[in-house]
Amino acid sequence: MIDINEVNLSSASILDLERGFTVPGDSPYYACLFCSARFEEGMIYPSGSALMTAKRTVQAHVEEVHGGAFKSLLALGKERTGISEVQGQVLACEYDGLPDRDIAKALGGKSASTIRNHRFQLRRQKAQAAVFLALMN
């Protein structure tokens, strides 16, 4: 599990969270949300035998170092995500493109209807979260 203190999520937008990094605004840097890595806008960075822009470098960094934004956010655990371990497993399997019957097998032989119910509950939580964000804003 990722140490909560390592992750700067408090000021990140939903789009930043989905990407795993912030884009230059007040700061001239693309900044990884999961560590202190920063890449300056306008600079070119080496990557093997290629050269990449700062934006492409931070995208590659999030994927290569942290396994992607999705997996890094999921690794934060229930305390930070609000989803149970089983819901996290369902989301991870869906992210990997598995059909319901394969997700059911991966969760220890559950039925496909159980997986559909988990997905229904996740969609319900998503709708609730959208209303909550609107209220908070």
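Mentor: Two strands pair if DSSP finds at least two bridges between them. The model before us is predicted, local features need pLDDT of at least 70, side-chain atom pairs count only at pLDDT 80 or more, and totals for chains, interfaces and linings use all residues. Residues are numbered from 1 along each chain, and side-chain values use heavy atoms, without hydrogens or water.

Trainee: Which residue in the turn of the hairpin formed by β4 and β5 has a positive phi?

Mentor: Two residues lie between β4 and β5 in this hairpin. The phi in question is about 65°, and the residue that has it is Gly48.

Trainee: Which strands stand at the edges of the open sheet, each with a single partner strand?

Mentor: The open sheet has three strands in the order β1-β2-β3, with antiparallel pairing. One side of each edge strand is left without a neighbour in the sheet, because each has a single partner. The edge strands are therefore β1 (21-22) and β3 (38-40).

Trainee: How are α5 and α7 oriented to each other?

Mentor: The axes of α5 (residues 85-95) and α7 (residues 112-136) come within 10 Å and cross at roughly 95°. The contact includes Val86, Val90 and Leu91 of α5 with His118, Leu122 and Gln125 of α7. An angle of 65 to 115 degrees counts as roughly perpendicular, so the two helices are roughly perpendicular.

Trainee: Is Ser72 buried or exposed?

Mentor: Ser72 is found in helix α3. Its relative accessible area is 2%, and buried means under 20%, exposed over 50%, partly exposed in between (1.4 Å probe, protein chains only). Ser72 is therefore buried.

Trainee: What C-alpha to C-alpha distance separates Ala75 and Gly88?

Mentor: Ala75 is placed in the loop between α3 (69-74) and α4 (78-81), and is partly exposed at 30% relative accessible area. In sequence, Ala75 and Gly88 are 13 residues apart; in space, their C-alpha atoms are separated by 8.9 Å.

Conventions. Axes fitted to C-alpha atoms, helices over the stretch in contact; angles between N-to-C directions. Helix = DSSP H or I, 4+ residues; strand = E, 2+ residues; numbered from the N terminus. Parallel < 35°, antiparallel > 145°, perpendicular 65-115°, else oblique. Contact = heavy atoms within 4.5 Å.
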